[in-house]
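Hello,

Here is the structure I said I would pass on. My notes on what was found in it follow below.

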Amino acid sequence: MPPITNTQQTRPVDVRTTRVELAYYSDYAVHLVNSEQPDRAEDALTSVEAVRALFGTASRTAARVTESDVARLRTVRSRLRGVFEAAAEDDETRAVDLLNDLLLEFPVSPQIAGHRYLDDSRRPDWHMHLAERAANATAAYASTAAIGLAFQLTDLGVDRLGICQANPCRNAYIDTSTNRSRRYCSERCATRANVAAYRARKRLENEGSALSTRTHDAAQETTPDSDR
């Protein structure tokens, strides 16, 4: 997972970036949401070390993590899951409202930067960055996750946010496929769901065949020998 930089530094988030670069930031939201499997009663976010691992070992912000951030990030995680669940239920307005609430609570400040150059003349390539002034590690993570998810939502559409349909998995994902066909968080879940569907079909076929055989045998038994 990509690390978050020191909160006293300017963290570049170019608003003209490509989808691939935007996915970099929305991954923060996906990773946080998927640190819990509610239907399995599994939670990986249980300690300071687990939160620091979520930030990434190279992140200087991870050093600011305290015990309070464990509970705070769990709360943010629940709210981000709500965004994905609302989107998966086709409630676009609710998904946007929930995400807007996070953006308001964990804001980032725009800043014009020109550290890149347009050509050999060394003319600055003026563009927008986001300067982060987070009060704590949770706010640093939440602001990154929320703005990244907002970029993805407005670029791809609310319907591209989903919850894995392979029970009991409830992982969140962002559908970047060209035909908007994604239903699972991973190939593993897709394979498991396909195998389960195949076995269910075969079971129904076998049950139907067995019922047909029993019905035929019963009919044979009730038919007089002279009519056979």
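**Chain overview**

Among contacts in the chain (heavy atoms within 4.5 Å) between residues at least 6 apart in sequence, 57% join residues at least 24 apart. This is a predicted model, in which local features need pLDDT of at least 70 and side-chain atom pairs count only at pLDDT 80 or more, while totals for chains, interfaces and linings use all residues. Residues are numbered from 1 along each chain as its sequence is written, and side-chain values use heavy atoms, with hydrogens and water left out.

The chain has six helices and seven strands; these are DSSP runs numbered from the N terminus, helices being H or I with at least four residues and strands E with at least two. Along the sequence the pattern reads β-α-β-β-α-α-α-β-β-α-β-β-α. Of the 228 residues, 39% count as buried (buried means under 20% relative accessible area, exposed over 50%, partly exposed in between, with a 1.4 Å probe and protein chains only). The accessible surface comes to about 13100 Å², and 50% of that belongs to carbon and sulfur atoms (Shrake-Rupley method, 1.4 Å probe; for residues, only the protein chains shown count as cover).

**Largest pocket**

The largest pocket has a volume of about 210 Å³. A pocket here is an open set of points on a 1 Å grid over the protein atoms alone, where a 1.4 Å probe fits, with protein on both sides within 12 Å along at least five of seven lines; lining residues have an atom within 4 Å of a point. Grid points are joined across faces, edges and corners, and the volume is the space filled by probe spheres set on the points.

The lining consists of 13 residues, and Ala 88, Asp 159, Leu 161, Gly 162 and Tyr 173 lie nearest the centre. Helix H3 (67–88) and strand E6 (161–163) each supply at least two lining residues, and E6 gives the most, with three. By class there are five nonpolar, two polar and six charged residues in the lining (nonpolar: Ala, Val, Leu, Ile, Met, Phe, Trp, Tyr, Cys and Pro; charged: Asp, Glu, Lys and Arg; polar: the others, Gly among them).

In helix H2 (residues 48–55), the buried residues are Val 48, Ala 50, Val 51, Leu 54 and Phe 55. They cover an arc of only 165° around the axis, so they are on the same side of H2 (the arc is that of the directions from the helix axis to the C-beta atoms). Glu 49 and Ala 53 are exposed, on the face of H2 turned away from its buried side. Gly 56 follows H2 and has a positive phi, near 110°.

Thr 138 is in helix H5 (residues 137–156) and counts as buried, at 2% relative accessibility. Leaving aside neighbours within four places in sequence, Thr 138 is in contact with Asp 69, Arg 72, Leu 73 and Val 76. Ala 140 is also placed in H5, and counts as buried at 0% relative accessibility.

**Backbone points to check in the view**

Most residues other than glycine have a negative phi, and most peptide bonds are trans. Ala 41 has a positive phi, near 55°; Ala 41 is in the loop between strand E2 (36–37) and E3 and is exposed, at 74% relative accessible area. Arg 180 likewise has a positive phi, near 55°, and is in the loop between E7 and helix H6 (187–222). A cis peptide bond joins Asn 167 and Pro 168, with omega about 0°. Pro 168 is in the loop between E6 and strand E7 (172–174).

Regards
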